[in-house]
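Please look over the sequence and the three-dimensional model below before reading on.

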Amino acid sequence: MSGHLTVTDDEATRVITLRRPEKKNALTQEMYRTLSEAIDSAQDNAAIRCLMITGSAGVFTSGNDLDDFLKAGLDASGAPRVSNATNFLYALARNGKPLIAAVDGLAIGIGTTLLFHCDHVLASTSATFSTPFIQLGLVPEGASSLLAPRAMGHHRAFSMLVMGRKLSAEQAREAGFVNDVVAPDQLEAAARKAAQEICALPAEAVAISRKLLRPPAEDLTTRIDQETKLFSERMKSSEAIAAFTRFFSRKKG
Ligand code: COA
């Protein structure tokens, strides 16, 4: 359990709630560590039949903490980057339990790419989805370069992942990675209803079928490794360091 997120088992559903609203739920290394633990520890727990991830009212997450990116970019030690973020992505790739997301407000960067690892996504009418990796001098992560074109086709994936175009909830539903769009005050109830529906199904048949529907975990971890290598190189680029610095100096101005 981290101060910035809670993990609660509600009957057969493990609910992970991001709670760092003062920083728009930006994800720290500590939050990634707790997220991975919550997913990994559910794998051999037969009592948990479904996982759910959600954020705060008005913000799912603004993505990776940019201060962490800046520090990693400026680190000249040459030491291999120990990243809880990568471990979180592995946890998503290897996860065998149905995963639901309930998104209200901003879903930026990994806040959007993690949705491609989900099985059922609910969005509120105020949700927006964006992946400004290229604007930050970076490259897509989280196996999104594999999963996004698979989910929405190359052209829409390019528009979002490379051109950085933001999608509304309705556009994300049309693109195929959001199931339903509901009013913000209906979001939690809709997500819990979907969880109950999944939990009521025969668990073994669900697990086998889910595995059939998804690319093999090894394909996902291989792509995550390729992206992570490039992402780590890009974090040290002058384009990326300038973009991170610009974000924080914008705040001072
Ligand atoms: N990393 C670190 N801090 C972040 C953050 C992030 N990803 N997103 C927001 N914050 C912080 C801001 O620095 C600010 O902190 P402060 O109050 O101490 O100055 C606080 O959260 C509120 O953000 P603010 O920018 O004032 O709110 P806003 O409503 O004007 O804008 C966002 C919200 C999310 C649109 C804007 O903060 C943003 O663009 N964040 C960066 C998103 C991003 O590029 N993520 C990485 C994707 S790979």
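In sorting residues by class, Ala, Val, Leu, Ile, Met, Phe, Trp, Tyr, Cys and Pro count as nonpolar, Asp, Glu, Lys and Arg as charged, and the others, Gly among them, as polar. This is a predicted model, in which local features need pLDDT of at least 70 and side-chain atom pairs count only at pLDDT 80 or more, while totals for chains, interfaces and linings use all residues. Residues are numbered from 1 along each chain as its sequence is written, and side-chain values use heavy atoms, with hydrogens and water left out.

On a 1 Å grid over the protein atoms alone, a pocket is an open set of points with protein on both sides within 12 Å along at least five of seven lines, a cavity is a set of points where a 1.4 Å probe fits but cannot get out, and lining residues have an atom within 4 Å of a point. Grid points are joined across faces, edges and corners, and a volume is the space filled by probe spheres set on the points. Helices (H or I, at least four residues) and strands (E, at least two) are DSSP runs, numbered from the N terminus.

The largest pocket has a volume of about 870 Å³. Of the 36 residues that line this pocket, Ser 62, Asn 64, Asp 65, Leu 66 and Phe 247 are the closest to its centre. Two or more lining residues come from each of α2 (66-74), α3 (84-94), β6 (106-108), α10 (217-235) and α11 (238-252), and the largest share, six residues, is that of α11. By class, the lining of the largest pocket divides into 16 nonpolar, nine polar and eleven charged residues.

The second largest pocket, with a volume of about 430 Å³, is lined by 19 residues, and Leu 115, Phe 116, Cys 118, Asp 119 and Arg 150 lie nearest its centre. Here β7 (120-124), α5 (144-152) and α9 (203-213) are the elements that give two or more residues to the lining, with α9 giving the most, four residues. Its lining holds eleven nonpolar, four polar and four charged residues.

A search of the whole structure finds one cavity of 30 Å³ or more, and the largest cavity has a volume of about 40 Å³. Its lining consists of Ile 16, Leu 35, Ile 39, Ile 53, Phe 88, Leu 92, Leu 99 and Leu 114, which by class makes eight nonpolar, no polar and no charged residues. Both α1 (29-40) and α3 supply at least two residues of this lining.

Turning to the sheet, two strands pair if DSSP finds at least two bridges between them. Six strands form an open sheet in the order β1-β2-β3-β5-β7-β10, with mixed pairing. Because β1 (5-10) and β10 (180-182) stand at the edges with a single partner strand each, one side of each is left without a neighbour in the sheet. Between β1 and β2 (residues 13-18), which run antiparallel, there are six bridges, and Thr 8 has Val 15 in β2 as its bridge partner.

The cysteines remain. The structure holds zero disulfides (pairs of cysteine sulfur atoms within 2.5 Å). For Cys 50, the nearest cysteine sulfur is that of Cys 199, 4.7 Å away. Cys 50 counts as buried (under 20% relative accessible area, with exposed being over 50% and partly exposed in between, for a 1.4 Å probe and protein chains only), because its relative accessibility is 0%. The sulfur of Cys 118 is 10 Å from the closest cysteine sulfur, in Cys 50, which is too far for a bond, and Cys 118 also counts as buried, at 12% relative accessibility.
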